[in-house]
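Biologist: I am new to this structure. Could you take me through it step by step?

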Amino acid sequence: MNRINKKLQDNKKLLSIYFTAGYPNLNDTVTIIQDLEKNGVDMIEIGLPFSDPLADGPTIQESSTQALKNGMTTEALFNQLQGIRETVSIPLIIMGYFNPMLQYGVEAFCEKCQELGIDGLIIPDLPVDVYHEEYQSIFEKYGLINVFLITPQTSDERIKYIDSVSNGFIYMVSSASTTGAKSGFGEEQTQYFKRIANLNLKNPQIVGFGISNNQTFSQATQYAKGAIIGSAFVKKLKEHGVGSISEFVKGVIG
Amino acid sequence: MNYNVNEKGYYGEFGGAYIPEMLYPNVEELRQKYLKVMAEPDFQKEFNQLLKDYVGRPSPLYFAKRLSEKYNTKIYLKREDLNHTGAHKINNTIGQILMAKRLGKTRIIAETGAGQHGVATATVCALMGLECIVYMGEIDIARQAPNVARMKMLGATVIPATSGSKTLKDATNEAIRDWINNPVNTHYIIGSAIGPHPYPDMVTRFQAVISEEIKWQLKEHEGKENPDYVVACIGGGSNAAGTYYHFLHEEDVKIIAVEAAGLGIDSGESAATSVLGKEGIIHGCKTLLMQTKDGQITEPYSISAGLDYPGVGPMHAHLCKTGRAEFMSITDKEAMNAGLELCKLEGIIPAIESSHALAIFEQKQFNPNDVVVLSLSGRGDKDLQNYIEYFKI
């Protein structure tokens, strides 16, 4: 069984953390992953930096630009992740834009992920219908879970379609925004979380965007299986470096 | 061979809609409605009326006698430079603002490089009384001050794009991010034949008035609708798309696309996407784009801000790949000289973008009887400072 599916069976709310590979320093990748696991994080999204990250706000954009300047490449990330499964056992997901994967070769990329022990991918600009028609069989061949996003504007009909194509979890974007744009949740989000919970989807939902601390983590997971933190963590790394990981995670899950 | 978009949004292997889920409802709404709205008689009527009374169409098809004599062939200039706001861009913004109104949108966003599309968007927003926000690279704001002032006078808010390379590509990213953050009330007026389906096709159809007019105008001049060649400069490719549209399937009409070679194809400072680009995804579509081996999008260069884009529209990628269009590349120097030559021979100061198209006559020999129609996409007012500095006038 894929580590993601196994983790989703845990009887707890899950905390997933995103970071941009190659940031703050080129070779921080493995340290960050190991420290996150050590401090009780349940799942990790490793960001493969892209020059033009359309769905991301300033924090993740800047980290991506810096990571690329630091020399991060697809090949470099794969080299860093070589042997990662000797020390890390929680699910690992690579999150990145489609063009770098396309240039590497989608099948070669998936094959490499499997070899390294990567469990899934999140590709914000690969639409579900294109995935379904052209790439799903390749992902499945290499045992990879592809995670799709839904937003408050996604229709119930489309959510059901996304649910039918998904085989891990659904990434529930909390509000119509780029990453890091908003903090906290209002009544509108709560209504949305409830609406999705009432759809009784086969895939559990994990909330992302707008979560930065214990309070927002609790709010987000009231109606969902877990929550993802990205920008707030990247910002912490920017300001306080990799030494601040333990403090950050404790601030979220105690 | 079909050169138009197919029902799935592709031109051959290029096109599609590679967008984050956050944009799906907006793009899907547009996809479902754009053809229907454009076909409505009252839309057609309003669009055509504005093109005539407000833009000043039809734009003349002018036989450039002295230029023709010099190059020993028959050259016609399609005078898009005479449109209101000084370029072809207004054809598309008029169409899209009418579209936005029919979709019930109250807030308009746009990206701009040199500022021509920004000015054309600010103009139609003023005309319709809609809020207008234009994203422009910080560097472009500094080098295109007159257009920034125009947009402000027209009531638009100009927001600097400070990410990445701070030019057109980043302004486009910022506009897309704005759209993600404002999904309900906002329409994004893309200025070129790029972006996710249906944008390339919609922009092309609005610009297609150019080739529609060329047909009947050429008939008046030459007694035949089809020239031997149609020529246009190409950045993202909206004026080119409009110039080619009604000739795409006329096999006796040869198509020439002129890209900016910048300081030279191999100089590392170029925007010649057909030569330097490779298939990939930029701003929501699969097309030819300039990128690293690793799939990171690279920074193009051209003296012309309107051609300074790392990709071409998917329709053009298809025309290139199938060989339907011949792609030529022109350096800064060749373009500037051709621009100055048109001033002296015809009394027309062209935009530097259009000067790239004019420069092909030094590179390619046409027959004396060939009829060549060239899109003079914009006027040179906005480029005066560049011309002054370049020629030390």
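Predicted model: local features only at pLDDT ≥ 70, side-chain atom pairs only at ≥ 80, totals over all residues.

Biologist: Let us begin with chain B. Into which domains is chain B divided?

Modeller: Chain B has domain 1, covering 12-50 + 89-203, and domain 2, covering 56-87 + 208-391. Taken over C-alpha atoms, the centres of these two domains of chain B are 22 Å apart.

Biologist: Now the core. Which residues touch the most other members of the largest nonpolar core?

Modeller: That core has 203 residues, and those touching the most other members are A:Ile93, A:Ala227, B:Val134, B:Val231 and B:Val258. The core lies between domain 1 (12-50 + 89-203) and domain 2 (56-87 + 208-391) of chain B, because both give residues to it.

Biologist: What is B:Val134 in contact with, leaving aside its neighbours within four places in sequence?

Modeller: Its contacts are B:Ala110, B:Thr112, B:Gly118, B:Thr121, B:Ala122, B:Met151, B:Ala156 and B:Val158.

Biologist: Changing topic, at what angle do H2(B) and H4(B) pack?

Modeller: Helix H2 (residues 41-55) of chain B packs against H4(B) at about 140 degrees, and their axes are 10 Å apart. The crossing of H2(B) with H4(B) is right-handed.

Biologist: Which residues make that contact between H2(B) and H4(B)?

Modeller: H2(B) supplies B:Phe43, B:Glu46, B:Phe47, B:Leu50, B:Leu51 and B:Val55, while H4(B) supplies B:Ile90, B:Asn91, B:Ile94, B:Gly95, B:Leu98 and B:Arg102. These divide into eight nonpolar, two polar and two charged residues.

Biologist: Last topic: how many residues of chain B are in contact with chain A?

Modeller: There are 24 residues of chain B in contact with 31 residues of chain A. On the chain B side, H8 and strand E11 (278-282) each supply at least two residues.

Biologist: Which element gives the most to that side of chain B?

Modeller: H8(B) does, with six residues. The side of chain B that touches chain A comprises eleven nonpolar, eight polar and five charged residues.

How values were computed. Residues numbered from 1 in each chain as written. Chains lettered and ligands numbered in written order. Core = buried A, V, L, I, M, F, W, Y, C linked by C-beta atoms within 7 Å. Buried ≥ 20, exposed ≤ 12 C-beta atoms within 10 Å, placed from the backbone. Domains from an automatic or database assignment. Contact = placed C-beta atoms within 7 Å. Axes fitted to C-alpha atoms, helices over the stretch in contact; angles between N-to-C directions. Helix = DSSP H or I, 4+ residues; strand = E, 2+ residues; numbered from the N terminus. Left-handed = near helix turned anticlockwise from the far one by under 90°. Nonpolar A, V, L, I, M, F, W, Y, C, P; charged D, E, K, R; others polar.
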